[in-house]
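Reader: I'd like to go through the ligand and the space around it. Can we start with the terms?

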Amino acid sequence: MATERTFSIIKPDATRRNLTGAVTKMLEDAGLRVVASKRIQMTREQAEGFYGVHRERPFFNDLVSFMISGPVVVQVLEGEDAVAKNRAVMGATNPANADEGTIRKVHAESIEANSVHGSDSAENAKTEIDYFFSADEIVG
Ligand code: GDP
């Protein structure tokens with residue numbers, strides 16, 4: 001297993017409930033290191049671009065509205081097998097199906113307001129990191 005990077009978002013339902021630290025602790029406890037982090041208010045254009053692959057899905061407009069409903073914390077996470085490790089600690093998209101101890105099981109409110117985003121492949125991780133961070137903002 002190689003050291004790799006992945007991209008994470010702490011979503012508005014979690015920042016609203018002051019869970020940035022609690023979620024970050026779960027990421028760190030899973031063996032991931034936060035090598036970049038910033039709290040931002042996404043614009044509608046940014047959110048639509050980020051979720052472009054979901055444009056045809058029925059929930060696209062709701063998802064974009066949710067993602068701009070409050071601040072988010074975008075992060076770059078580093079570690080061995082970081083993409084898979086992050087997906088494992090996140091839990092299933094729908095918190096009702098998430099395993100015990102995962103971020104979504106513990107903190108998510110619904111299938112939409114599910115507290116975290118995490119890249120689903122190393123290739124998408126690179127694209128998503130580049131979407132929000134410049135190289136000099138990432139310090140490993
Ligand atoms: P993820 O990789 O586990 O985040 O899941 P997806 O890539 O399939 O979906 C992206 C995001 O869209 C999810 O994290 C949810 O916030 C949202 N989402 C997914 N499915 C639904 C749905 O059926 N309804 C609504 N309202 N939102 C959804």
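Author: A residue counts as near a molecule if one of its heavy atoms lies within 4 Å of it. This is a predicted model, where local features need pLDDT of at least 70, side-chain atom pairs count only at pLDDT 80 or more, and totals for linings use all residues. Residues are numbered from 1 along each chain as its sequence is written, and side-chain values use heavy atoms, without hydrogens and water.

Reader: Which residues are around the ligand?

Author: They are Lys-11, His-54, Arg-57, Phe-59, Leu-63, Arg-87, Thr-93, Arg-104, Ile-111, Glu-112 and Asn-114.

Reader: What N or O atom of Thr-93 lies 2.6 Å from an oxygen atom of the ligand, side chain or backbone?

Author: Side chain, for Thr-93. With Glu-112, a backbone N or O atom is 2.8 Å from a ligand oxygen. The side chain of Asn-114 has an N or O atom 3.0 Å from an oxygen of the ligand.

Reader: How much of the ligand's accessible area does the protein cover?

Author: 79% of the 550 Å² that the ligand has on its own, by the Shrake-Rupley method with a 1.4 Å probe.

Reader: New topic. Which space does the ligand take?

Author: The largest pocket. A molecule sits in a pocket if more than half of its atoms lie within 2 Å of its grid points. On a 1 Å grid over the protein atoms alone, a pocket is an open set of points where a 1.4 Å probe fits, with protein on both sides within 12 Å along at least five of seven lines; lining residues have an atom within 4 Å of a point.

Reader: How many residues line the largest pocket?

Author: 25, with Tyr-51, Val-53, His-54, Leu-63 and His-117 nearest its centre.

Methods
Polar contact = N/O pair within 3.5 Å; in protein donor to acceptor, adjacent residues only side chain to side chain.
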